[in-house]
Amino acid sequence: MNGHIVLLPGDGVGPEVIAVCRPVLEAVGRRFGHTFSFEEAPVGGHALETLGVPLPEETVARCRAADAVLLGAVGGPQWDENPAHLRPEAGLLRLRAALELYANLRPAVLYPCLQAASPLKPEVSGGAFDILIVRELTGGLYYGARGRTEAGAGFDTMVYSEREVVRVGRRAFALARARRGRLTSVDKANVLDTSRLWRAVMHRLRAEYPDVAYEDMLVDNAAMQLVRRPGAFDVLVTENMFGDILSDEAGAITGSIGLLPSASLGEGYFGLYEPVHGSAPDIAGRDRANPVAAVLSCALMLRHTFGLPREAECVASAVLSAMTGPRKTADLAGPADTPVGTRAFGALIAEALTS
Ligand code: NAD
Ligand code: IPM
Ligand code: MN
């Protein structure tokens with residue numbers, strides 16, 4: 001198999017975690033007889049500094065021509081005062097929309113070997129859990145009309161069309177069917193009209209998936225249930241901003257946001273893969289970031305874009321075997337562990353892959 005991957009390292013810890021990924025994919029290629037080719041393109045603050053825009057057209061064209069895209073992170077305090085369209089984040093939002101990547105899969109797994117890193121007591125976490133958040137990614141508040149009125153008020157608009165809800169809903173039902181058969185749809189239907197539409201569409205779809213155990217949950221309750229009984233969830237599906245917030249919470253209870261990968265998918269095999277975490281300006285440039293979220297994003301790429309579940313499994317086991325030892329990145333290291341940097345931990349993963 002030959003695959004072409006565009007790397008978008010971006011800002012902050014982005015380039016540090018992406019640097020770990022390429023040798024991992026190359027090791028997979030050697031072990032299983034595949035060839036991955038790579039090219040790098042600018043996005044985010046990096047693109048702003050070099051080309052004056054957060055998403056150059058050339059970057060979009062390169063992404064479209066590739067099989068898959070692997071992104072590090074965008075953003076940083078140096079651009080926080082920029083006008084909205086010249087913020088690094090605007091580049092990422094435009095890229096997701098331009099590539100029509102409406103379904104963002106964010107698996108959150110508590111591994112038994114990391115139980116001590118979770119802020120939840122073992123009797124609450126159950127010692128291990130495996131949740132999949134399906135976040136709608138190209139609609140809602142992120143893409144509605146926004147601005148300032150003449151009176152100086154600010155506004156953002158949440159709009160969802162039926163079609164936007166149907167396509168992400170179908171995706172979530174299908175994923176739930178292929179997992180443990182449970183789907184929780186998270187909304188705020190007691191207040192928001194977009195949520196009432198969301199719920200009505202989900203109820204219609206549920207008739208097509210009678211084998212999936214479906215429930216509705218209000219988002220405030222979902223935020224609470226995630227830390228009270230995470231093991232009760234299988235797949236959660238929700239709108240863009242609720243999914244953004246709940247996935248950071250899900251990251252925290254697995255031990256670190258530095259562990260959570262994501263896949264942003266549209267209709268075909270193409271995908272954009274990126275960690276759930278951001279550019280982490282507080283630790284950037286210090287070889288401190290956990291590269292696991294980025295490496296597990298590669299595993300999602302192998303599975304979804306390249307149709308290589310065995311190779312994906314192999315990357316996931318290499319990550320797990322690296323995390324099982326005493327050497328851990330600072331976000332996960334307990335008193336009995338030896339803290340290691342991003343590069344050294346990346347080398348441990350690559351080593352586990354080749355052994
Ligand atoms: P963040 O996710 O960057 O960091 C939050 C906390 O988690 C920080 O303490 C950070 O050190 C820690 N953390 C994050 N990734 C880590 C890793 N791999 N290993 C260890 N610790 C890690 O969120 P933030 O501080 O709110 O945002 C910083 C910037 O990143 C902002 O400009 C924001 O817009 C941007 N951001 C980008 C993305 C993205 O590119 N997809 C996602 C989230 C935030
Ligand atoms: C994420 C990030 C982005 C989002 C930002 C950087 C625009 O927080 O990928 O979770 O909110 O989608
Ligand atoms: Mn986020």
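Student: What makes up the shell around ligand 2, by class?
Tutor: There are three nonpolar, no polar and five charged residues in that shell. Here Ala, Val, Leu, Ile, Met, Phe, Trp, Tyr, Cys and Pro count as nonpolar, Asp, Glu, Lys and Arg as charged, and the others, Gly among them, as polar. This is a predicted model, in which local features need pLDDT of at least 70, side-chain atom pairs count only at pLDDT 80 or more, and totals for chains, interfaces and linings use all residues. Side-chain values use heavy atoms, with hydrogens and water left out, residues are numbered from 1 along each chain as its sequence is written, and chains are lettered from A and ligands numbered from 1 in the order in which they are written.

Student: Which residues surround ligand 2?
Tutor: They are Glu89, Leu93, Arg96, Arg106, Arg135, Tyr142, Asp244 and Val276. Each is included because one of its heavy atoms lies within 4 Å of the ligand. Helix α4 (residues 88–98) gives the most, three residues; a helix is a DSSP run of H or I with at least four residues, and a strand is a run of E with at least two. Domain 1 (1–103 + 258–355) and domain 2 (119–254) each supply at least three residues, with bounds from an automatic or database domain assignment.

Student: What makes Tyr142 a polar contact of ligand 2?
Tutor: A polar contact is a pair of N or O atoms within 3.5 Å. A polar side-chain atom of Tyr142 is 2.6 Å from a ligand 2 oxygen, so the pair qualifies. Arg135, at 2.8 Å, and Arg106, at 3.0 Å, also reach oxygen atoms of ligand 2 through their side chains. Of the 320 Å² of accessible area that ligand 2 has on its own (Shrake-Rupley method, 1.4 Å probe), the protein covers 80%.

Student: What makes phi of Asp287 worth a look?
Tutor: Most residues other than glycine have a negative phi. Asp287 has a positive one, near 55°, in the loop between β12 (271–275) and α10 (292–304).

Definitions and conventions: A polar contact is a pair of N or O atoms within 3.5 Å; within protein, one must be able to donate a hydrogen and the other to accept it, and residues adjacent in sequence count only if both atoms are side-chain atoms.
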